[in-house]
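The text below goes with the chain shown here.

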Amino acid sequence: HLVESGGGLVQSGGSLRLSCAASGFTLAYYAMGWFRQAPGKEREGVSCISSNGSSTKYADSVKGRFTILRDSAKNTVYLQMNSLKPEDTAVYYCAVPDAKRDMFTYCSHSTADYDYWGQGTQVTVSS
């Protein structure tokens, strides 16, 4: 079970930190991805982290502004979002792959590689 939180309304240039908390399993054993979906658009990968933490990945549109962080003690993965832009407005989802996908040293921005999804949290950036 994955639960996102931390979304909200923020002005352009502001910051938000999204959280994805896991229950019922140890998130540190899994790769994890953050995705977003804007109205009328397909869901896209924003950032991900491999299960061993050695590999992270960012969409070009967020590089240098977003950071993915894992807190194993809290069984939570965060997405720190700085210098937000109106085009970052979307519903943000976290997701984990089934263990059989074995994303130990890599992660993916493909929605097809993830099996378990949170309910999403709305991020709105005003201009």
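Asp115 and Arg101 form a salt bridge through their side chains, with N to O at 2.7 Å; a salt bridge here is a side-chain nitrogen of Lys or Arg within 4 Å of a carboxyl oxygen of Asp or Glu. The pair links distant parts of the chain: both residues lie in the loop between strand S9 (90-96) and strand S10 (116-117), 14 residues apart. Strands are DSSP runs of E, at least two residues long, numbered from the N terminus. Asp115 has a relative accessible area of 28% and is therefore partly exposed, and Arg101, at 29%, is partly exposed too. The classes are buried, under 20% relative accessible area, exposed, over 50%, and partly exposed in between, computed with a 1.4 Å probe on protein chains only.

The model is predicted: local features need pLDDT of at least 70, side-chain atom pairs count only at pLDDT 80 or more, and totals for chains, interfaces and linings use all residues. Residues are numbered from 1 along each chain as its sequence is written, and side-chain values use heavy atoms, with hydrogens and water left out.

The structure holds six salt bridges. One of them joins Arg36 and Glu44 at 2.7 Å, N to O. Arg36 counts as buried because its relative accessibility is 5%, whereas Glu44, at 37%, is partly exposed. Through salt bridges that share partners, Arg36, Glu44, Arg65 and Asp88 belong to one network. In another salt bridge, the closest N and O atoms of Lys63 and Asp60 are 3.2 Å apart, and both of these residues are exposed.

A nonpolar core is a set of buried Ala, Val, Leu, Ile, Met, Phe, Trp, Tyr and Cys residues joined through side-chain atoms within 4.5 Å. The largest has 27 residues, and Met32, Trp34, Phe66, Leu79, Met81 and Tyr92 have the most contacts inside it. Among the elements that give two or more residues to this core are strand S3 (16-22), strand S4 (32-37) and strand S11 (121-126). A second, separate core of seven residues includes Cys48, Met103, Cys107 and Tyr114.

Thr76 is in strand S8 (residues 76-81). Its relative accessibility is 7%, so Thr76 counts as buried. The side chain of Thr76 reaches the backbone oxygen of Lys74 at 2.8 Å. Beyond neighbours within four places in sequence, residues in contact with Thr76 include Ser19, Leu27 and Asp71, where contact means heavy atoms within 4.5 Å.

Technical notes. Helices (H or I, at least four residues) and strands (E, at least two) are DSSP runs, numbered from the N terminus. A polar contact is a pair of N or O atoms within 3.5 Å; within protein, one must be able to donate a hydrogen and the other to accept it, and residues adjacent in sequence count only if both atoms are side-chain atoms.
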